[in-house]
Amino acid sequence: MPSFNPFRTIRGKAGSANRQVDEIRCRRDIMKNSSEDDLRNLVTRIRSKSIPAAGDDLLDLFAAVCILSERTLQKSPHDVQILAGLAMTHGTVAEMGTGEGKTLSAVFPAAAHAMAGKGVHVVTVNDYLVRRDAELMAPLYNALGLSIGIIVSDMEDADRRDAYLCDVTYITNSEAGFDFLRDNLRFDATQRAQREPFFAIVDEVDSILIDEARTPLVISGEAAARPDLCLIANDVVSRLEMNEHYSVNLKERYVMLTDAGIDRVEAILRGTGRLKEGDNLFLVSNAPLVDHITQALKAKALFRRDQDYVVVNGKIVIVDQNTGRALYGRRFGDGIHQAIEAAENVEILPDNETLSSISYQNLFRRYPTLSGMTGTAETEREEFATIYGLDVVVVPPHRPRKRIDETDEIHLSENSKIRSIVETVLEANSIGQPVLLGTPSVEKSERIAQALRAAGLRRITDTNDAGGGFRVLNAVNHEMEAHIVAEAGRFGAITIATNMAGRGTDIQLGGNADERIGHELANMEPGDEKSAAEARIAKEVEIERELVHEAGGLLVIGMERNRSRRIDNQLRGRSGRQGDPGRSVFFISLEDETIAAFFSEKLRRLLSKLGIKDGDVITHPRISKAIERAQKKMEAADFDVRKELIKYDDVVNGQRKAMLEIRKELTDGRLTSEILHDMIAETCETIVNRHVPEHAYPEQWDTEGLTLALRTHLAVDVPVAQWAGEDGIGPKELKKKVVKNVLLIRRKLFEMFPPEINDHVEKTILLTSLDKGWREHLAALEHLRAVVGFRGYAQRDPLIEYRTDSHEMFERMMNEISSDAAASALRVRPTRPQTAA
């Protein structure tokens, strides 16, 4: 990475970064007549240094990218795209408005870091965008002599390995994470897909690193179900009353038992025989039950049917809060899913046992250099800096923004708000102005859809239906979602979508000619007829574009304010791309969750004093400012939650790194014999120490117990009693004899195997024991994390307690892994070949 970062002390378009853009333009003009071979040779010269492009090399490379973009894509990068490319090259988040060309901007930093030959990852949010962006930019990468790979779901391992070996790899955030986890469960180094992380460009970086930060990536296997504990916990929680027995913090989304609640839970459990008289609820032996009660309480207080989840055919299906999609096959973690199943009286399915996990925060902090791009990052500047060490550069728009952001329209009730939204939609539709209605959830989408139907508008369900009416974006798949969003700017279009749906797809006024051609002419053979149809569509789009301009551009309506200003800004940003006209307005009621969480009653009393009645509309900048201040508080609260979570996750991450380093040594085949030798020796010494006190006389030794322990645990018989009777024998001498003889038994056992598979047997034993120990350790840590907060009642810091206990648990786990591996090594036998009867 270049040592000089022109963005270190500036924000936006200023200073040395601007001068670098001018220099790149000059070099582009000088090089514009260069042949393909000359430009390819330039790139080859820079690549030969095997480091990211820097200094003059960086400027020359950027100039070459500009020239080749014009030749291969027929697109001349704007100054703001080059500026964003410079920002990301230096490990910065570039905030670029909708339609400013982030896809092309990413090629600049990708090419610069690809010069090192260590692999660049361009990360985005779904498979559709991976394919689309890679295919769009492939001609440019090929002209630069860079190989490009894509990784999407359901790819074979061999194809994944090939894609990761490319200079630039386009991939989703989830695939990058799961490939990392899968690689760290493999038994052979040659099976790994990924190389060591080097440089990543994260598209929609706020969505992935902020919104998804609290979502762990987990590879799991089916664990033993405990429906009994789920049902007990649900029964207990059903008898608890909010405020009296537990408190709920909707701002920070946590639930806590009150002192009266703890007493009530203990009384219920004693009454059912689940807790003995005099026992404390928070004994270690009760941890699983306390964990289930905690999750049942969260399920009751924080998760709502038809908003956070839906019940489909007797199964709980998660609803993505950002996109409104039903996430079939996904389950809430930490036992929440089972708690909801118990509450909804559906079949309680086995929970999953974590085999390997990592948070997006720690996944992307593995990259030595990280960068990103999005339309909304400035409001999260502090979090990007604190968690990821990333600065934010706000890149100015290519053309001045013309969008009008109106003052919020405030109503006393939800019904009044809905009526006003419908009136606004009908008014805009009467002049052909396209409308995008942003909703916070599927439930709200359906409610406004019903209101529009009642007003006489038709719901369109067929994507090929070009008639009038409105569409509801329910995201059957990302490609169809992108098509619907791309067409939301057409004359007279009305589109209802969750706030985050279709991110990465621009809404162009009059529609998107390329999208229409691809969708409408997909089955038409190339030829004169298709060319004529393409020309017709392009002409229609141009005519519609003029009509929509005259109607005022895209009208974006926000159905309510979100917890974060950033989500609101993303919705507003759908309108007014690249200097287009547009308008945005948010409709708010005092019944909205965001408002209710802070000052619904206070505001209602104030409005009542002013004589405001239901049905009246209030628009006042001071109220909008107050709402923004409330959002800032919620953002700060959410940030605090994520900061707190990463403190706990960092404890696990340190242990994860240690485990992965051990595992890497083993899968690489290094020192397996020596490690197994040491584990057997340590296990023998531990067993001897339990039965032979250090300063005890031989007649005080428990030789019978020692013999039994060695036989039971290690399946070995050694003459302990005989050795104990020898002259001059002491604990140290006995220990040495036991270790020497057990290791001799182990050596003779392994001589039974063909020499060529000895290493494989040893590696398999070690990796199996390691994975088993880590899996059980993760489960124990989940239980600890669920209950450690209650230690705050005893005036003890839960984080310090968690660190202390997890460290002790890690030490125990390592000892158990040694013991398990030693036992397996002394029990393993070669399989005898089958003989014919």
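Predicted model: local features only at pLDDT ≥ 70, side-chain atom pairs only at ≥ 80, totals over all residues.
Visitor: How do the rings of Phe-364 and Tyr-367 pair: stacked or edge-to-face?

Guide: A search of the whole structure turns up six aromatic pairs. In the pair of Phe-364 and Tyr-367, the centres are 6.0 Å apart and the planes make an angle of 20°. With that angle, the pair is stacked.

Visitor: What is the angle between the planes of Phe-750 and Phe-753?

Guide: Both of these residues are buried. Their rings form a tilted pair, 5.7 Å centre to centre, and the angle between the planes is 45°.

Visitor: Which residue lies over the face of Phe-750?

Guide: A charge sits over a ring if NZ of Lys or CZ of Arg is within 6 Å of the ring centre and within 35 degrees of the ring normal. One example is Lys-643, whose charged end is 4.7 Å from the ring centre of Phe-639. Over the face of Phe-750, at 4.7 Å from the ring centre, you'll find Arg-746.

Visitor: What is the volume of the largest cavity?

Guide: On a 1 Å grid over the protein atoms alone, a cavity is a set of points where a 1.4 Å probe fits but cannot get out, and lining residues have an atom within 4 Å of a point. Grid points are joined across faces, edges and corners, and a volume is the space filled by probe spheres set on the points. That gives eight cavities of 30 Å³ or more. The largest has a volume of about 110 Å³.

Visitor: Which helix gives the most to the lining of the largest cavity?

Guide: Helices (H or I, at least four residues) and strands (E, at least two) are DSSP runs, numbered from the N terminus. β12 (352–359), α25 (621–667) and α30 (758–787) each supply at least two lining residues. The lining includes Arg-656, Met-659, Leu-660 and Arg-663. With four residues, the top contributor is α25.

Visitor: How many of the residues lining the largest cavity are nonpolar?

Guide: Here Ala, Val, Leu, Ile, Met, Phe, Trp, Tyr, Cys and Pro count as nonpolar, Asp, Glu, Lys and Arg as charged, and the others, Gly among them, as polar. Two of the lining residues are polar and three are charged, while the nonpolar ones number six.

Visitor: How many of the 11 residues of helix α4 are buried?

Guide: α4 covers residues 79–89 and is mostly covered. Among its buried residues are Val-80, Ile-82 and Leu-86. Just after α4, Gly-91 takes a positive phi of about 75°. As for the buried count in α4, that's 10.

Visitor: Which residues does Thr-294 touch, not counting residues up to four places away in sequence?

Guide: Thr-294 sits in helix α13 (residues 287–302). Its relative accessible area is 13%, so it is buried. Contact means heavy atoms within 4.5 Å. Leaving out those sequence neighbours, Thr-294 touches Ala-786 and Phe-790.

Visitor: Is Asp-154 buried or exposed?

Guide: Find Asp-154 in the loop between β3 (148–151) and α8 (157–164). Its phi is near 70°, a positive value in a residue other than glycine. The relative accessibility is 75%, so Asp-154 counts as exposed.

Visitor: How far apart in space are Ser-48 and Gly-611, C-alpha to C-alpha?

Guide: Ser-48 is in the loop between α2 (36–47) and α3 (55–72). Its relative accessible area is 56%, so it is exposed. Ser-48 and Gly-611 are 563 residues apart in sequence, and C-alpha to C-alpha the distance in space is 76 Å.

Notes: Residues numbered from 1 in each chain as written. Heavy atoms only, no water. 1 Å grid on protein atoms, 1.4 Å probe; cavity = no way out; pocket = protein on both sides within 12 Å on 5 of 7 lines; lining within 4 Å. Buried < 20%, exposed > 50% of the residue type's maximum accessible area, 1.4 Å probe, protein only. Phe/Tyr/Trp six-rings, centres within 6.5 Å; stacked < 30°, edge-to-face > 60°.
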